[in-house]
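Please look at the sequence and the model first, and then read on.

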Amino acid sequence: MKALKTLGLIAQIGLDIVSSILIGLLIGMGLDTLFHIESKVFTIVFLVLGTIAGFRLVYYRIKKSGVMSPDDKDKFFTKDRRDGQ
């Protein structure tokens with residue numbers, strides 16, 4: 001059952017990233033078209049903002065889901081990783 005929950009979280013993460021980037025891209029392209037800007041400034045700015053928003057959403061979704069417990073964080077994010085720990 002935990003494997004299915006993890007698989008669902010992975011699928012949701014993929015959709016979150018892709019949809020955030022696409023929404024940012026479409027908003028930027030729309031603003032560039034609306035204001036007749038040739039240099040695509042809004043497209044680039046909103047593409048970057050969409051990417052940042054997507055990864056921020058993924059961070060909070062993983063944090064909220066509890067997939068990684070505090071014990072796992074200590075095991076993977078310590079500076080001293082001797083003997084495969």
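## Helix 2 and its buried residues

In helix 2, the buried residues are Thr43, Gly50, Gly54 and Val58, where buried means under 20% relative accessible area with a 1.4 Å probe and protein chains only. Helix 1 is included in what covers these buried residues of helix 2.

Helix 2 is built from 25 residues and spans 36 Å from its first C-alpha to its last, close to the 36 Å expected at 1.5 Å a residue, the expected span being 1.5 Å times one less than the number of residues. After helix 2 comes Gly66, which has a positive phi near 75 degrees.

## Basis of the model

The model is predicted, so local features need pLDDT of at least 70 and side-chain atom pairs count only at pLDDT 80 or more, while totals for chains, interfaces and linings use all residues. Residues are numbered from 1 along each chain as its sequence is written, and side-chain values use heavy atoms, with hydrogens and water left out.

## Packing of helix 1 and helix 2

Helix 1 (residues 2-34) packs with helix 2 (residues 41-65) at an angle of about 160 degrees, and their axes are 7 Å apart. The two helices are therefore roughly antiparallel to each other, a term for angles over 145 degrees.

## The chain as a whole

The chain has 3 helices and 0 strands, helices being DSSP runs (H or I) of at least four residues and strands runs (E) of at least two. Of its 85 residues, 14% count as buried.

Methods: Axes are lines fitted to C-alpha atoms, for helices over the stretch in contact, and angles run from 0 to 180 degrees between N-to-C directions. Angles under 35 degrees count as roughly parallel, over 145 as roughly antiparallel, 65 to 115 as roughly perpendicular and the rest as oblique. Buried means under 20% relative accessible area, exposed over 50%, partly exposed in between (1.4 Å probe, protein chains only). Contact means heavy atoms within 4.5 Å.
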